Amino acid sequence: MERIAIAQPSWDNEMRDAALATLDSLRWVKGEQGHLFGKEFAQMCGAVNATPCQSGSVALWAALRLLGIGPGDEVIVPSLTYIATTTCVSLVGATPIFVDVEPDFWCIDLEQVKKVYNEHTKAVIGVHLFGQMYDPELIEWCKTQGVALIEDAAQAHGASLVVDGVQRGAGACGDIGIFSFFPSKNMAVGGEGGMLTTTLESISNRMQAFVNHGRDVTLESFEVGSNLRMSEVSAAIGRIQLKRLERWVERRCEIAGRYSASLCNVRGFSIPAVRKHSNHAWHQYCVLAEQPLQLKQHLDHNGIDARIYYSTPCHRQKVFEGHPQYESSLKWTDELGPKLVAIPVHHQLRDEEVEYIIEKIIEFSTMVD
Ligand SMILES: Cc1ncc(COP(=O)(O)O)c(C=O)c1O
C-alpha cells in the first residue's frame, strides 16, 4: 500500500479546463471568476457577501482592519489554534488576549472569554477548530456585549450550526468570517487563497473594496486597503471545488463515523466529541492519545502520516516572548495540545485505507500497556 497522506487536494479535468480557459482568456485578474466565486461561496454558507483574497492570514488581518481595530484595543483569541489566528492581532497593533478552550469540544471557551472581557475588548476571534463549530452562545454573547465576532473558519468549509433554531453555515456565524484555501484544507484553489465573508450589510461593500485598495467604482480610494485580490485562475479552480464540497464533506463525515465506531473503546485514546446541533466538517480527525509521540511514530512506520495539533500553544511561541501571558498556563490548551493526534480523514481515502488505519491504531493499543 502507498503511503497515506494526512491531506490531499483534488485535481481533475474540469478544474484543469477551467484553469486553462481562464489563462487563455487573458483575463487574469479582477474578472468574472473572482466575482462569481465570492457570490457562490456566500450562497453556500448563507453570508450576505463573500470576497476572495490571497490567504486566510490576510483575510484575518483585513477583518480586523475593517472593524477598525488597532493600538490600545484587545482581541480575545484561543491559544489552541494555528498561529495566524493570533498574530493578525499584533499585525494591526492591538493586543491578543489568550484564553483556554473547552475540554470536550476544543473550541474557545465562552466562560473564559467572559473572565477576561473588559472595556478595551473590541473583538473575539472564534475558531471552528478542526472543523468543529464553536459554541453558539458565543454569538449571542458577543452581540449582547457589542463586541465584534470574527469567525475563523479556515478549517471549517461545509460545517454548520443551529443558532436560535436556524441552521447557519460556517462563514455566517460571526460578523466577519474568514476561510483558507491552503492545499490541505477541505477545498482548495490550486495555490494560496482565502475568503472573507460577512453577515453585515454595513461591511459588505467595504470588504469588497478593501481587497482592492479601498477603491470604489470611481477608482478613488475611500479607505486604506491593499491589493489582496485572488487571481482569476485560482477563483476558477475554487468554483469547481466549491461544487464538490458538500460531497467531499459527506465523505469526511463517513470516514470520521467509521473511526469513531471502531476506536471508541480502544484503550489509550479518546475519540473526538461533536457538538450537539452542529455538523462537523472534519478538516482533521484528532484522537486524544495517552502516548501521542509513540502513536505517531507507529503510524509513520506503517506508512501513515499523522500530525500533532498543536503541541506548542500560540501564547508560548517565541513570537509572543514579550507578551504578559507568555509563561502563563491555560489548563486545557496545555493538556490537550501535545496529545491531539490527527489521522488522515480526507475525502480521497479509500475504504481499505480507512480500515488499514484503524487496524494499525488498534494494533498500537495492544502494544502499549
Ligand atoms: C485556524 C486557521 N486560521 C488561519 C489560517 C491561515 O490561513 P492561510 O494559511 O491560508 O493563511 C489557517 C491555515 O492553516 C488556520 O488553520
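This is a predicted model: local features need pLDDT of at least 70, side-chain atom pairs count only at pLDDT 80 or more; totals for chains, interfaces and linings use all residues.
Student: What makes H1 and H8 roughly antiparallel to each other?

Tutor: Helix H1 (residues 13–24) and helix H8 (residues 232–263) pack at an angle of about 150 degrees. Angles over 145 degrees count as roughly antiparallel, and H1 and H8 are therefore given that name. Their axes lie 8 Å apart, and H1 passes H8 in a right-handed crossing.

Student: Which residues make that contact?

Tutor: From H1 come Glu14, Met15, Ala18, Ala19, Thr22 and Leu23, and from H8 come Glu232, Val233, Ala236, Ile237 and Ile240. Sorted by class, the contact of H1 with H8 has eight nonpolar, one polar and two charged residues.

Student: Why are H2 and H8 called roughly parallel?

Tutor: The axes of helix H2 (residues 32–45) and H8 cross at roughly 30 degrees and come within 8 Å. The limit for roughly parallel is under 35 degrees, so H2 and H8 are roughly parallel to each other.

Student: Is the crossing of H2 and H8 left-handed or right-handed?

Tutor: The crossing of H2 and H8 is left-handed.

Student: What meets what between H2 and H8?

Tutor: In H2 the residues are Gln33, Gly34, Leu36, Phe37, Glu40, Phe41 and Met44; in H8 they are Glu232, Ala235, Ala236, Gly238, Arg239 and Leu242. This contact of H2 with H8 has seven nonpolar, three polar and three charged residues. Gly34 and Gly238 are part of this contact, and Gly counts as polar.

Student: How do you know that domain 1 and domain 2 touch?

Tutor: Two residues are in contact if their C-beta atoms, placed from the backbone, lie within 7 Å. By that test, 29 residues of domain 1 are in contact with 29 residues of domain 2. The elements giving two or more residues to the side of domain 1 that touches domain 2 are H4 and strand E6 (160–163). E6 gives the largest share of that side, three residues. By class, the side has 15 nonpolar, eleven polar and three charged residues.

Student: What makes up the shell around the ligand?

Tutor: By class, this shell has five nonpolar, eight polar and one charged residues. Of the 14 residues around the ligand, Ser55, Gly56, Ser57, Ala154 and Ser180 come nearest. Helix H3 (56–66) and helix H4 (84–91) each supply at least two residues of the shell.

Terms used:
Residues are numbered from 1 along each chain as its sequence is written. A residue is near a molecule or strand if its C-beta atom, placed from the backbone, lies within 6 Å of it. Helices (H or I, at least four residues) and strands (E, at least two) are DSSP runs, numbered from the N terminus. Axes are lines fitted to C-alpha atoms, for helices over the stretch in contact, and angles run from 0 to 180 degrees between N-to-C directions. Angles under 35 degrees count as roughly parallel, over 145 as roughly antiparallel, 65 to 115 as roughly perpendicular and the rest as oblique. A crossing is left-handed if the near helix is turned anticlockwise from the far one by less than a right angle, and right-handed if clockwise.
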